[in-house]
Amino acid sequence: MIRGIRPLLRGSTYSGVLFAYCGALASIPLLPFAQLPVLVWRSAPEGVRIVLILLVWAALIGVVGLARTTRRVLIVCARRLLRVPLPDPVAVRRSASLLGTGPAPVAPASAVPSGADRWRTPLWLLLHVALGWTGALVSGVLILAGLTLPGGWFGAEAGLSLFGWSVRLTGGWGSWAVALGCVLLAVAVCAVVASALRWLAPRLLGPSSAERLALAAERELLLAERNRLAHELHDSIGHTLTATTIQAAVAGEVLSADPAAARAALRSIEESTRAALEDLDYVLGVLREEAAEAAPVRTLADLPELLDRLRHAGAVVAPEVSGELTQVQGTLSRAAYRILQEGLTNALRHGAGGPIQVRVAAAPDGLELAVVNRTGAGTGAGAFPTSGHGLPGLAERVRLLHGEIEVGPDGPQRWRLAVRLPVRLSA
């Protein structure tokens with residue numbers, strides 16, 4: 001019994017009843033305008049007048065519900081008083097605009113609300129007012145009866161007639177029992193009204209089908225941007241930490257014997273960390289939603305600098321470049337640089353010494369990239385623990401560019417990364 005009463009005593013029920021009654025009171029200013037047609041048609045029967053007033057009143061309420069401001073106010077009030085998790089209408093509208101401006105997976109035409117979606121708010125407002133008036137009138141009559149029956153005030157009496165059998169209460173304990181029942185019934189009516197509004201709010205005030213698609217598009221764009229930033233951080237920071245660790249070890253070993261080589265390694269560390277800090281500042285600015293500067297651009301034109309940093313780390317690099325790299329522009333050139341950077345980083349981490357072969361071949365119809373290095377037991381994999389996201393990230397990057405990737409052993413104690421990317425004029 002107590003468990004059944006607890007839902008009726010929650011704060012959300014009280015605020016929900018208040019929300020319903022406020023909706024009923026807010027419709028009163030429209031009532032005088034609803035009586036204007038009756039003033040014109042004075043000869044109409046009383047019943048017709050009442051029906052006409054109610055219809056015009058309902059039409060005026062529906063027209064008010066068509067305004068965007070009305071929907072926004074109703075959503076805010078429903079979130080605070082009904083405790084319904086409705087999305088912020090401003091955020092929903094901003095997400096819907098993405099469908100017409102950004103590369104969302106939905107056509108812009110789908111962002112236009114359908115006819116059924118336009119009438120959801122007027123329908124909610126009509127039901128809100130109807131439930132508010134019903135709850136107010138019924139609960140008001142029941143509470144009035146509960147207060148007047150016990151003492152017989154105002155000559156109040158209670159009666160029940162069923163199939164010709166009638167009972168009338170004029171005082172005593174019977175009147176008190178009926179009064180208590182009226183009060184409990186009034187509380188139940190209020191709880192039902194609040195529950196009905198809480199059930200209707202997500203269905204009529206929640207996002208429409210077009211708005212849900214817009215919210216999904218915004219989430220997809222956000223996840224795609226975060227995924228891209230994660231790839232950039234992995235490629236840039238991971239490579240820099242690997243290279244600087246090896247370069248620092250080289251500088252420490254040759255500091256006394258070859259100070260010039262040590263200084264060269266330290267300069268390479270400085271250059272590598274400066275480039276990584278630029279990437280890190282850009283990513284942090286995007287994550288903080290600040291007005292970040294332009295993203296650092298690394299393309300195939302920066303490949304010689306990348307190879308020099310590897311040589312300063314003590315690696316032997318044998319590059320083989322053919323074709324016109326100048327024809328590789330834009331996204332393709334940036335992706336090719338990151339692919340080679342990841343491949344060379346893996347060769348530094350897990351290579352067993354010997355030359356690292358780097359091949360870049362640009363043809364009119366495609367771009368071929370390859371990194372081949374020696375492998376063997378005890379190649380330092382434990383010294384450079386990895387998250388395991390490097391090769392999956394490469395495969396995803398290549399797939400997005402409609403390319404082909406091959407990764408795996410290439411003969412005894414050799415590891416080969418080979419990628420082919422199609423060259424497009426629009427790149």
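Which residue stands opposite R374 in β7? The residue opposite R374 is R414.

## Basis of the model

This is a predicted model, in which local features need pLDDT of at least 70 and side-chain atom pairs count only at pLDDT 80 or more, while totals for chains, interfaces and linings use all residues. Residues are numbered from 1 along each chain as its sequence is written, and side-chain values use heavy atoms, with hydrogens and water left out.

## The sheet

An open sheet of mixed pairing is formed by five strands, in the order β3-β4-β5-β7-β6. Strands (E, at least two residues) and helices (H or I, at least four) are DSSP runs numbered from the N terminus; two strands pair if DSSP finds at least two bridges between them. Because β3 (316-322) and β6 (404-409) stand at the edges with a single partner strand each, one side of each is left without a neighbour in the sheet. On average, neighbouring strands are turned by 10° against each other, direction ignored.

Within this sheet, β5 (residues 366-374) and β7 (residues 414-422) run antiparallel and are joined by nine bridges.

## Helices across the sheet

Helix α13 (residues 303-312) lies across β3 and β4 (355-363), at about 165° to β3. Helix α14 (residues 330-350) lies across β4, β5 and β7, at about 10° to β5. Axes are lines fitted to C-alpha atoms, for helices over the stretch in contact, and angles run from 0 to 180 degrees between N-to-C directions; contact means heavy atoms within 4.5 Å.

## Cysteines

Zero disulfides (pairs of cysteine sulfur atoms within 2.5 Å) are found in the whole structure. For C77, the nearest cysteine sulfur is that of C22, 8.2 Å away.

C77 is partly exposed at 28% relative accessibility, whereas C190 is buried at 16%. Buried means under 20% relative accessible area, exposed over 50%, and partly exposed in between (1.4 Å probe, protein chains only).
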